Amino acid sequence: MKALTVISVSLTASLAAGMAHASSPPTLYTVEQARAGANTYAQNCAMCHGADLKGGVGPALAGRSFVAGRGATIGGVFAAVSQQMPATDPGGLSHAQYEAIMAYILQKNGYPAGATPINYDKAMKDAVPLVFQGK
Ligand code: HEC
C-alpha cells in the first residue's frame with residue numbers, strides 16, 4: 001500500500017512538471033538574433049511570405065495555420081528554412097543569417113528570447129515540436 005502511494009505521488013509530481021513546462025515555452029534564441037532576423041527576413045523572405053509572416057506566394061510562417069497539427073519540429077522547420085529557402089536561392093544565406101531568421105520566426109510564434117543564442121547545428125537536430133504559443 002505504501003509503494004502505491006509513492007507511485008501516485010511521483011506520478012502527480014511529474015504531471016505537474018509537464019504542465020509547468022507546457023505553460024512556459026523554452027528560450028531558444030537571443031533578442032539580438034531576432035532583431036537581426038527581422039531585417040534579414042524583410043530582405044529575403046517577406047516578398048513571398050508577407051511582411052507580417054501571414055503568407056503570400058509562400059505559406060504563413062507564424063500563427064496557428066503555420067504549425068497547428070502538422071507535427072513540425074524546430075529542426076524540421078529550420079532544415080526547410082536553411083536548405084530550401086529563399087526559394088530563389090536555396091541555402092544561399094550565411095549560417096548566422098539563418099539562425100537570425102529562425103530566431104525571428106520563433107519570436108513571431110510566441111517564443112520568448114533568452115540568454116543562449118540559437119545555434120545552426122543544434123537547431124538542425126532539435127526534435128522539439130514547434131508549437132504556436134498564442135498571441
Ligand atoms: C520566391 C518566393 C519565396 C521566397 C523569397 C522565400 N520563400 Fe519560403 N516558400 C515559398 C513557397 C512557394 C513555399 C511553399 C512550397 C515549398 O515548400 O517549397 C515556401 C515554403 C517555406 C517554408 C515551409 C513552410 C511550411 O509550412 O511547410 C518555410 C519554413 C519557408 N518557406 C521559409 C522561408 C524563409 C525563412 C525565407 C527567407 C530566407 C523564404 N522562405 C523565402 C516561397 C518563397
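A residue is near a molecule or strand if its C-beta atom, placed from the backbone, lies within 6 Å of it. This is a predicted model: local features need pLDDT of at least 70, side-chain atom pairs count only at pLDDT 80 or more, and totals for chains, interfaces and linings use all residues. Residues are numbered from 1 along each chain as its sequence is written.

Select the ligand first. The shell around the ligand holds 19 residues, of which C45, C48, G58, M85 and P86 come nearest. By class, the shell has 14 nonpolar, five polar and no charged residues (Ala, Val, Leu, Ile, Met, Phe, Trp, Tyr, Cys and Pro count as nonpolar, Asp, Glu, Lys and Arg as charged, and the others, Gly among them, as polar). Helix α5 gives the largest share of the shell, four residues; helices are DSSP runs of H or I, at least four residues, numbered from the N terminus.

Next, select α5 (residues 74-84) and α6 (residues 95-108), whose axes come within 10 Å and cross at roughly 135°. Axes are lines fitted to C-alpha atoms over the stretch in contact, and angles run from 0 to 180 degrees between N-to-C directions. The two helices α5 and α6 are therefore oblique to each other (under 35 degrees is roughly parallel, over 145 roughly antiparallel, 65 to 115 roughly perpendicular, the rest oblique).
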